[in-house]
Amino acid sequence: MNGHTNGTNIFADKATFILRKMLSEPEKKWVTRDFTGDSGVSLGMAQGTLEAMSKKGYIERVKRGPESYALLTNQDELIGDWIKEYQFELNEVDTYYSPDKNILGKLKDYLANKQYALTLHSGANFITSFVVTDQINLYFNPENWEKEILDLRQQLDLKELVRGGNINIVRPYYKNSVFYGARTIKGFKVVSGLQLYLDLYSFKPRGREHAEYLKKALEEKGKNLYES
């Protein structure tokens, strides 16, 4: 696979913390310790990931002893390789149905103190209003999946369906990093612009179209898609 160099897969869950951080501040001069610590990765993973990124030509490493740093130099190629490695289908999705027209608001209230974030069209529409859809897609990563899902379904009266559902609860492939850079828009938690782009890019229907539109819409506002 593309992202593997020297045994380090830079597109694996924890390693992508480093990619996400660098993309969020593309001009910054990074040092290894920027990626370690309580909310980061191990020193070994940081070193291995930076080494692999350097070999792939995504970053430049300037070695000046204690003044050494790494700089993201090839953002487009990094994203291009990432979307070859990752597709939304790598996530596990449980699909339910609710006839309630206000179900999104009720989901928001129920999940207020829990870790969740909207994605795909239902997340990107908070920025673009580009695709008309009744589908709700949201990442949810509770400690006890079975118990929490059962409670959520009972509280909101969700019906389990194999097809034809409108509520897709997503168990994240990127269990640790998917919520990195998530923000609140109009009271709803939405994944980062980067995660929206990654999720939409291979998604049918109209995912790639929406991904490109989202990128363009943010650029027109003077924003970098990947900034958290």
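Biologist: At what angle do helix H1 and helix H3 pack?

Modeller: This is a predicted model. Helix H1 covers residues 16-24 and helix H3 covers residues 75-85, and their axes lie 12 Å apart. The angle at which H1 and H3 pack is about 140 degrees.

Biologist: Are H1 and H3 roughly antiparallel or oblique to each other?

Modeller: The angle between H1 and H3 is about 140 degrees. Roughly antiparallel needs an angle over 145 degrees, and roughly perpendicular runs from 65 to 115. H1 and H3 are therefore oblique.

Biologist: Which residues of H3 make the contact with H1?

Modeller: On the H1 side, the contact is made by Thr16, Leu19, Arg20 and Leu23. Across both helices the contact residues are five nonpolar, two polar and one charged. On the H3 side they are Gln75, Leu78, Ile79 and Trp82.

Biologist: How many residues of helix H5 are buried?

Modeller: Helix H5 spans residues 120-128. Its buried residues include His121, Asn125 and Phe126. H5 is largely enclosed by the rest of the structure, because the buried residues number nine of the nine.

Biologist: Which residue follows H5?

Modeller: The residue after H5 has a positive phi, near 50 degrees. That residue is serine 129.

Note on methods:
Residues numbered from 1 in each chain as written. Predicted model: local features only at pLDDT ≥ 70, side-chain atom pairs only at ≥ 80, totals over all residues. Heavy atoms only, no water. Axes fitted to C-alpha atoms, helices over the stretch in contact; angles between N-to-C directions. Helix = DSSP H or I, 4+ residues; strand = E, 2+ residues; numbered from the N terminus. Parallel < 35°, antiparallel > 145°, perpendicular 65-115°, else oblique. Contact = heavy atoms within 4.5 Å. Nonpolar A, V, L, I, M, F, W, Y, C, P; charged D, E, K, R; others polar. Buried < 20%, exposed > 50% of the residue type's maximum accessible area, 1.4 Å probe, protein only.
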